[in-house]
Amino acid sequence: MIFLKIALLVLGFVMLIKGADWFVDGTSGIATKLGIPQLVIGLTIVAMGTSLPEAAVSVTAALKGNAGIAIGNVLGSNILNVFIILGITAVIVSVAIQKSTLCIEMPYMILVTVVLILMGRTGNEISRLEGIVLWILFIIYLAYLFVLAKKGKQEDKENEVTTATWKLITYSIVGLVIVVWGSDITVDAATYIAKSVGLSERFIGLTIVALGTSLPELVTSVTAARKGNADIAIGNIVGSNIFNVLFVIGTSSLIIPVIYEPGFIIDGIIAIAAGVILWIAVFRKLELRRVWGIIFLACYAGYFAYLFM
């Protein structure tokens with residue numbers, strides 16, 4: 001059985017890589033045809049699409065009355081998104097960041113994480129009322145993106161895409177389906193393997209499940225960066241982190257109050273620290289360089305060691 005799970009794990013990775021490749025090609029092509037900035041596509045379609053595994057895991061857990069897993073999944077994924085995904089992406093290629101991301105999206109990502117922790121500190125749960133607040137913050141974020149998209153349409157179209165629109169849409173849909181499906185296979189296989197060697201449920205939730213649900217972001221960001229679509233790479237991560245907190249936790253808490261265990265306070269602080277460090281890293285040069293990628297990976301290594309304690 002263990003060998004079958006290892007084979008499925010490899011299959012899941014292959015699906016993620018190929019699916020992300022098609023998804024980035026499709027969405028970036030559609031963005032160019034419509035005159036929508038790559039940044040907006042990264043912050044919306046790509047970010048939300050690659051966050052579907054987190055949403056599926058957390059909402060399913062809430063429906064089954066085990067909403068506590070939602071917090072660990074989201075915090076673990078958000079920490080991974082910054083330290084591992086942007087770390088690996090920056091080591092491969094320097095990632096340029098637009099000024100709006102530095103001045104608006106990153107601070108908003110940090111803000112909503114602070115709001116989540118403050119909510120968790122009051123009553124050790126995210127109530128339905130607090131879930132409504134998170135959804136209001138999500139709607140505000142979507143309104144900002146709408147304004148950003150309208151501004152983008154006024155810009156000149158520098159690149160022309162010759163691929164037929166229906167093909168781009170097909171690439172996007174098929175790519176996204178394969179990415180989500182591959183993530184599901186990968187998470188199941190990795191969790192089974194982890195349990196077989198005696199790792200704890202909390203460790204699995206904050207690392208393996210978080211990594212599994214973040215694999216779409218990892219592959220999509222690296223693929224986008226290598227193809228020169230850096231705005232999608234960085235926008236994907238920032239957008240995913242905002243989406244994870246506001247939509248995933250907000251929706252889960254509307255179904256059933258989400259338990260916020262005291263142990264998650266430290267994980268929440270680390271998630272905030274990750275956002276602040278990212279902001280500092282790109283503040284002067286508007287670019288995430290290789291040296292910061294190495295620092296990010298070292299930070300996650302320290303966090304990983306903490307989880308073993």
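## Aromatic pairs

The predicted structure contains 13 aromatic pairs. One of them joins Tyr260 and Phe264 in an edge-to-face arrangement, with 6.2 Å from centre to centre and 75 degrees between the planes. The angle lies over 60 degrees, and therefore the pair counts as edge-to-face. Tyr260 is buried, its relative accessible area being 0%. Phe264 is buried as well, at 7%; both residues receive this label because their values fall under 20%.

Another pair is formed by Trp279 and Phe283, whose ring centres are 4.8 Å apart. Trp279 has a relative accessible area of 30% and is partly exposed. Phe283 is also partly exposed, with a relative accessibility of 46%.

## A ring cluster and a charge over a ring

Aromatic rings may also be linked into a group. In this model, ring pairs connect Trp135, Phe138, Phe243 and Phe247 into a cluster.

A contact of another kind involves Lys5 and Tyr192. The charged end of Lys5 is placed over the ring of Tyr192, at 5.3 Å from the ring centre.

## Cysteines

How many disulfides does the structure have? The count is zero. A disulfide is a covalent bond that joins the sulfur atoms of two cysteines.

Cys103 is partly exposed, with a relative accessibility of 46%. Cys299 is likewise partly exposed, and its relative accessible area is 28%.

A search of the whole structure identifies one cavity of 30 Å³ or more. The volume of the largest cavity is about 90 Å³. Which helices each supply at least two residues of its lining? They are α4 (68–92), α5 (99–121), α9 (230–255) and α10 (264–282).

The residues that line the largest cavity are Leu75, Asn78, Val82, Met109, Ile110, Thr113, Asn241, Val245, Ala271, Ile272 and Gly275. Sorted by class, this lining comprises seven nonpolar residues, four polar residues and no charged residues.

Methods: Residues numbered from 1 in each chain as written. Predicted model: local features only at pLDDT ≥ 70, side-chain atom pairs only at ≥ 80, totals over all residues. Heavy atoms only, no water. Phe/Tyr/Trp six-rings, centres within 6.5 Å; stacked < 30°, edge-to-face > 60°. Buried < 20%, exposed > 50% of the residue type's maximum accessible area, 1.4 Å probe, protein only. Lys NZ or Arg CZ within 6 Å of the ring centre and 35° of its normal. Disulfide = S-S within 2.5 Å. 1 Å grid on protein atoms, 1.4 Å probe; cavity = no way out; pocket = protein on both sides within 12 Å on 5 of 7 lines; lining within 4 Å. Points joined across faces, edges and corners; volume = space filled by probe spheres on them. Helix = DSSP H or I, 4+ residues; strand = E, 2+ residues; numbered from the N terminus. Nonpolar A, V, L, I, M, F, W, Y, C, P; charged D, E, K, R; others polar.
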